[in-house]
Amino acid sequence: MSQAHSRQRGSKNLWLNAAYEMLVSDGIDAVKIMALAKKLNLSRTGFYWFFADLKELHAAMIERWENKNTGTLVERCKRPASNIDEGLFNLMDCWLDPSLFDARLDLAIRNWARMDDDLQRLVNEADSLRIKAIADLFERHGFPPDQAYVRSLTVVYTQIGYISVGVEEARQDRLARVQHYVEIFSGTVPSTKDVEGFLARHI
């Protein structure tokens with residue numbers, strides 16, 4: 001493939017990233033092939049070198065969301081932790097680090113799912129995976145299953161609320177509040193060591 005043709009076609013990630021930006025800023029209805037081509041200043045035919053159709057692009061966007069958000073959240077819950085508070089701080093890293101968890105993408109997917117029953121089923125499955133991962137974290141640290149499950153719901157729905165409402169707060173204020181959220185979720189006061197370890201990762 002010549003360099004000129006490569007530039008005219010772009011790349012799969014280039015098209016996918018442009019679709020992502022349209023999705024999070026304007027919603028799924030804005031994600032159209034011609035609009036993407038115009039945004040990228042590329043030929044419309046370049047799109048078809050990487051995607052069979054818009055449906056395949058949609059699938060790639062959903063896969064990115066599943067891997068980045070649900071996949072990362074589950075992984076953080078499985079990280080070794082000496083106590084429940086340390087484990088929750090590992091999870092809370094997601095809410096402070098966009099490279100771990102993309103809140104804008106999560107909101108955009110949830111809004112899209114309101115108009116797409118198949119996607120809503122995937123969102124429900126993702127929420128179930130997230131809830132189970134957090135409940136398993138609580139159970140590993142001695143919480144009975146019923147209580148672990150309810151505490152997990154509290155964690156998940158608190159974060160969904162943050163995203164859905166579009167809470168705006170100074171980063172330092174949110175960092176200062178995380179230890180109190182952890183205390184509420186776990187019912188124990190985090191140690192100075194665990195608090196300082198968490199803050200050191202984000203300051």
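Does Asn41 count as buried or exposed, and at what relative accessibility? Asn41 counts as exposed, at 71% relative accessibility (buried is under 20% relative accessible area, exposed over 50%, partly exposed in between, with a 1.4 Å probe and protein chains only).

Before going on, I note that this is a predicted model, in which local features need pLDDT of at least 70 and side-chain atom pairs count only at pLDDT 80 or more, while totals for chains, interfaces and linings use all residues. Residues are numbered from 1 along each chain as its sequence is written, and side-chain values use heavy atoms, with hydrogens and water left out.

Backbone. I found Asn41 in the loop between α3 (33–40) and α4 (44–47), helices being DSSP runs of H or I with at least four residues, numbered from the N terminus. Asn41 has a positive phi of about 55 degrees, although it is not a glycine.

Cysteines. I searched the whole structure for disulfides (cysteine sulfur pairs within 2.5 Å) and found zero. The sulfur of Cys77 has its closest cysteine sulfur in Cys94, at 7.4 Å, which is too far for a bond. Cys77 is buried at 1%, and Cys94 is buried with a relative accessible area of 1%.

Charged pairs. I looked up salt bridges (a Lys or Arg side-chain nitrogen within 4 Å of an Asp or Glu carboxyl oxygen), and the structure holds 11. Asp127 and Arg110 meet in one at 2.7 Å, N to O; because Asp127 lies in helix α8 (residues 117–140) and Arg110 in helix α7, the pair ties together parts 17 residues apart in sequence.

Conventions. Helices (H or I, at least four residues) and strands (E, at least two) are DSSP runs, numbered from the N terminus.
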